[in-house]
Amino acid sequence: MLSINISELLLTILSFFVLMFLLNKLLFKPVISFREQRQNRMDESFRQESLAKEKQAQAREEAQQQRLAGLKQAQDIAEQTQAQAGAQWQAAEKQIEQEAQAAMAQAAEETEALRAASSRSLEQRRHELARTLADRLSQ
C-alpha cells in the first residue's frame, strides 16, 4: 500500500521552496532585470530617434524658410537693380537727347556763323570786284 512518509514530504516541500528561492534569486530576477533594461534602452533609442526626426524636420523647415527668404531677397535685389538700371537708362537717354540738342544748336550756330562769314566774305569780294571793275572801266 501506499504510505506517506512525512519527513520525505517535508523535505520535498522544503527542497521545492529552496529551489524556488534560488531560481528566483539567481535566474528569474536577473532575466527580468535584463529584459527591463533592454526594453528601457530600446524605448530610449526610439525616443532619441523620434527627437532626431523632429530636429531633422525642423532643420528642413528652417532651411526651406531660409531658402524662401533668400529667394525673396534675391528677387527684391533684382527688382531694385532693374529699377535702378531703368532709371539710369532714362537718365542716359535724357542726357544723350540734351547733348544731341546742344550739338544741333551748336551746329546750327556754327552753320549760321559760317554762312554769315561766307556772306561777308562774298560781299567783300563782290565790293572788291566791283571796285576793280569800276577802276578798269574808268581807265
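The protein chain carries 18 positive and 19 negative side chains, and the centres of the two sets lie 6 Å apart. Lys and Arg count as positive here, Asp and Glu as negative, while His and the chain ends are not counted. Each charge is placed at NZ of Lys, CZ of Arg, CG of Asp or CD of Glu. The model is predicted, so local features need pLDDT of at least 70 and side-chain atom pairs count only at pLDDT 80 or more, whereas totals for chains, interfaces and linings use all residues. Residues are numbered from 1 along each chain as its sequence is written, and side-chain values use heavy atoms, with hydrogens and water left out.

The secondary structure of the protein chain amounts to 1 helix and 0 strands. Both are DSSP runs numbered from the N terminus (helices: H or I, at least four residues; strands: E, at least two). The radius of gyration is 58 Å, well over the 14 Å that the globule rule gives for 139 residues, so the protein chain is more spread out than a compact globule. This radius is taken over C-alpha atoms, and the rule is 2.2 Å times the number of residues to the power 0.38. Along its principal axes, the C-alpha trace spans about 195 × 20 × 20 Å. Helix H1 covers residues 6–138.

Buried residues account for 0% of the 139 residues in the protein chain. Buried means under 20% relative accessible area, exposed means over 50%, and partly exposed lies in between (1.4 Å probe, protein chains only). The accessible surface of the protein chain is about 13200 Å², and 59% of it belongs to carbon and sulfur atoms. Areas come from the Shrake-Rupley method with a 1.4 Å probe; for residues, only the protein chains shown count as cover.

Side chains of opposite charge can pair when their charged atoms come close. A search of the whole structure finds 6 salt bridges. The criterion is a side-chain nitrogen of Lys or Arg within 4 Å of a carboxyl oxygen of Asp or Glu. One of the bridges joins Glu44 to Arg47, with the closest N and O atoms 2.5 Å apart. Glu44 and Arg47 are 3 residues apart in helix H1, so about one helical turn separates them. Glu44 is partly exposed at 30% relative accessible area. Arg47 is also partly exposed, at 42%.

Another bridge links Lys72 and Asp76, at 3.6 Å from N to O. These two residues lie 4 residues apart in helix H1, about one turn of the helix. Asp76 is partly exposed, with 31% relative accessibility. Glu123 bridges to Arg126, and their closest N and O atoms are 2.2 Å apart. Glu123 and Arg126 both lie in helix H1, 3 residues apart, or about one turn. Glu123 has a relative accessible area of 31% and is partly exposed.

The structure holds 1 aromatic pair. The ring centres of Phe16 and Phe17 are 5.7 Å apart and their planes meet at 70 degrees, so the pair is edge-to-face. Rings of Phe, Tyr and Trp (its six-membered ring) pair if their centres lie within 6.5 Å; planes under 30 degrees apart count as stacked, over 60 as edge-to-face and the rest as tilted. Phe16 is partly exposed at 46% relative accessible area, whereas Phe17 is exposed at 54%.

Ala105 also lies in helix H1. Its relative accessibility is 38%, which counts as partly exposed. Ala105 and Ser121 are 16 residues apart in sequence, and their C-alpha atoms are 24 Å apart in space.
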